[in-house]
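Please look through the structure below with an eye to its charged pairs, its aromatic contacts, its surface charge and its backbone. The paragraphs that follow take these topics in turn.

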Amino acid sequence: MASTTLICDTQPWKDLKAYVEDINKTHLRDLMNDKERCQSMMVEFDGMLLDYSRQRATLDTMDKLYKLAEAASLKQQINRMYSGEHINSTENRSVLHVALRAPRDAVIYSDGKNVVPDVWNVLDKIKGFSEKVRSGSWVGATGKPLKDVIAIGIGGSFLGPLFVHTALQTDPEAVEFAKGRQLRFLANVDPIDVARNITGLNPETTLVVVVSKTFTTAETMLNARTLREWISSALGPSAVAKHMVAVSTNLTLVEKFGIDPNNAFAFWDWVGGRYSVCSAVGMLPLSLQYGFPIVEKFLKGASSIDQHFRSASFEKNIPVLLGLLSVWNVSFLGYPARAILPYSQALEKFAPHIQQVSMESNGKGVSIDGVPLPYEAGEIDFGEPGTNGQHSFYQLIHQGRVIPCDFIGIVKSQQPVYLKGEVVSNHDELMSNFFAQPDALAYGKTAEQLLKENVPQHLIPHKTFSGNRPSLSLLLPSLNAYNIGQLLASYEHRIAVEGFVWGINSFDQWGVELGKSLATQVRKQLHASRTKGEPVEGFNFSTTTLLTRYLEI
């Protein structure tokens with residue numbers, strides 16, 4: 001927001017605060033009986049169906065949320081993002097991950113320049129390079145084809161690509177394209193992660209992709225040097241240029257490292273790390289594994305949602321509705337967490353990725369103008385695929401704290417199984433739970449119902465479910481590359497909507513800096529103690545004790 005006025009000072013915010021009292025008098029058991037309300041809370045776009053009728057909201061709530069969006073200048077904020085304005089004001093950058101999946105003929109400006117041709121230059125380069133590697137015309141130092149890829153990166157350079165890779169691994173079309181190939185991701189600086197990644201791999205057939213915009217990220221570069229040594233010791237130092245490529249903008253350091261700068265794939269300052277899966281960060285390793293045609297479908301799915309987000313009215317706009325409902329749950333109903341529950345094992349890495357996108361984006365305590373927020377912003381995100389989560393943390397969701405849930409279901413399974421003699425297919429068994437759980441949360445079970453079932457009196461308090469626990473359901477027709485792109489973009493934009501309404505900068509991440517700078521002091525101490533036997537100095541009593549103990553063993 002341009003001025004230092006906080007959204008909580010506006011009339012729509014105050015109206016919503018006052019309205020909470022009315023909502024607290026309602027129960028989802030009753031709200032769900034209103035067919036007209038339920039019908040108006042279902043929105044469809046491009047095969048995706050959003051049902052938010054199990055939110056603790058009425059049609060009046062939604063009208064008040066649309067007024068809040070207006071007070072936050074949400075439409076203008078979205079347009080500012082798409083037009084390349086420097087909405088990441090603390091880093092003075094545009095925010096243009098939408099340009100990464102824009103059609104070739106689109107025009108999107110940043111600093112007076114249409115960036116779409118640059119995006120497609122890199123995509124064309126990825127296509128050409130991945131085809132060479134996959135066809136065997138690009139070979140390793142000993143002439144063998146490179147069939148195994150290790151992508152080194154951390155945070156946004158890892159979680160997003162890993163989510164997409166995991167989702168594609170069982171897609172029938174992607175499986176065909178990936179035959180005989182392996183893709184692994186090395187993120188943690190823990191040497192155990194290195195050991196796990198290289199186990200069973202031969203340096204002669206391995207290509208390493210180093211992902212670091214500046215080529216200075218501490219964990220990534222140490223892992224890169226470790227794998228460079230693994231390749232060099234087996235094949236000689238000259239093999240590095242054949243077995244390692246980079247996704248970076250720092251061509252000087254890329255060359256110094258031993259990688260041919262011609263094999264460096266660019267991305268730009270207007271791409272935030274956690275929004276970078278559609279850049280070379282994700283597209284290069286994914287193209288090497290699945291071929292460019294598959295990843296192009298993924299980009300098209302994301303682009304479809306990008307266009308929908310920019311053009312659809314708020315009442316029919318899936319990311320806007322998702323974002324406004326999150327604001328309602330966090331800032332008005334006081335629910336700090338959100339459970340992401342995909343009923344598809346292929347989406348097992350979706351929640352960890354959204355954890356970063358959401359919590360790094362909106363985990364802020366001040367407004368974009370630096371004013372401390374007098375209201376709660378940001379969500380605690382966690383999740384597991386159903387039905388695994390049901391046997392893990394659903395107990396708390398049903399009878400403990402109230403945690404709004406996102407149920408994500410797929411109509412057509414990637415890998416259907418029909419067993420003779422079974423009542424339903426395996427996928428139908430899974431989806432039975434997808435349809436049942438939201439109703440269980442909404443309706444609950446009363447003491448009266450339990451009495452009618454002759455439940456012993458002493459067990460009634462334990463078996464009572466209060467209900468009135470909000471959720472929403474998102475149903476996708478299938479889970480192919482296109483649908484995966486749709487899902488990703490829907491959540492990316494949802495998170496932006498929340499940030500725009502809260503008046504925070506969702507595109508910086510200063511909170512990750514302090515721990516890193518303190519780690520530098522520890523690193524120096526460990527070096528001095530290990531090499532010169534110097535005692536631990538300059539830390540508080542607790543850290544000194546722990547460091548001394550660590551160095552003794």
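The model is a predicted one, in which local features need pLDDT of at least 70 and side-chain atom pairs count only at pLDDT 80 or more, whereas totals for chains, interfaces and linings use all residues. Residues are numbered from 1 along each chain as its sequence is written, and side-chain values use heavy atoms, with hydrogens and water left out.

One of these bridges joins Asp124 to Arg104, whose closest N and O atoms are 3.0 Å apart. This pair links distant parts of the chain, since Asp124 belongs to helix α6 (residues 116-135) while Arg104 sits in the loop between α5 (74-82) and β3 (109-110), 20 residues apart; helices (H or I, at least four residues) and strands (E, at least two) are DSSP runs, numbered from the N terminus. Asp124 has a relative accessibility of 31% and therefore counts as partly exposed, and Arg104, at 49%, is partly exposed as well, where buried means under 20% relative accessible area, exposed over 50% and partly exposed in between (1.4 Å probe, protein chains only).

In another bridge, the side chains of Arg93 and Glu91 meet with an N to O distance of 3.9 Å. Arg93 is partly exposed, because its relative accessible area is 28%, and Glu91 is likewise partly exposed, with a relative accessibility of 21%. Lys179 and Glu176 form a further salt bridge, their closest N and O atoms lying 3.1 Å apart, and here Lys179 counts as exposed because its relative accessibility is 57%. Beyond such pairs, salt bridges that share partners draw Arg338, Glu379, Asp381, Asp406, Arg494 and Glu498 into one network.

Rings of Phe, Tyr and Trp (its six-membered ring) pair if their centres lie within 6.5 Å, and planes under 30 degrees apart count as stacked, over 60 as edge-to-face and the rest as tilted. By this rule there are 18 aromatic pairs, among them the tilted pair of Tyr343 and Phe407, with 6.1 Å from centre to centre and 40° between the planes. Tyr343 lies in the loop between β10 (337-342) and α16 (350-362) and Phe407 in strand β12 (residues 405-410), so this contact ties together parts that are 64 residues apart in sequence. Tyr343 and Phe407 are both buried. The pair of Phe500 and Phe507 is tilted because its planes stand at 55°, with the ring centres 6.4 Å apart, and both of these residues are buried too. Elsewhere, Trp13, Trp328, Phe332 and Tyr375 make up one aromatic cluster.

Which residues gather in a patch of negative charge on the surface? They are Glu21, Asp22, Asp60, Asp63 and Glu315, and helices α1 (11-23) and α4 (59-71) each supply at least two residues of this patch. Patches are made of residues with over 30% relative accessible area and no salt bridge, like charges being joined within 9 Å. Asp22, found in helix α1, is partly exposed, with a relative accessible area of 37%.

The backbone also deserves attention. Most residues other than glycine have a negative phi, and most peptide bonds are trans. Phe215, although not a glycine, has a positive phi of about 60°; Phe215 is placed in the loop between β7 (206-211) and α10 and counts as buried because its relative accessibility is 5%. Asn454 also carries a positive phi, near 60°, and lies in the loop between α19 (447-452) and α20 (460-463), but Asn454 counts as exposed, with a relative accessibility of 67%. The peptide bond from Gly386 to Thr387 is cis, with omega near 10°, and Thr387 belongs to the loop between β11 (380-383) and α17 (394-399).

Ala239 is buried, with a relative accessible area of 1%, and its C-alpha atom is separated by 8.7 Å from that of Thr142, a residue 97 positions away along the chain.

Methods:
Patches are made of residues with over 30% relative accessible area and no salt bridge: like charges are joined within 9 Å, nonpolar side chains (Val, Leu, Ile, Met, Phe, Trp, Tyr) within 5 Å. Accessible areas come from the Shrake-Rupley method with a 1.4 Å probe; for residues, only the protein chains shown count as cover. A salt bridge is a side-chain nitrogen of Lys or Arg within 4 Å of a carboxyl oxygen of Asp or Glu. Lys and Arg count as positive and Asp and Glu as negative; His and the chain ends are not counted. The place of a charge is taken as NZ of Lys, CZ of Arg, CG of Asp or CD of Glu.
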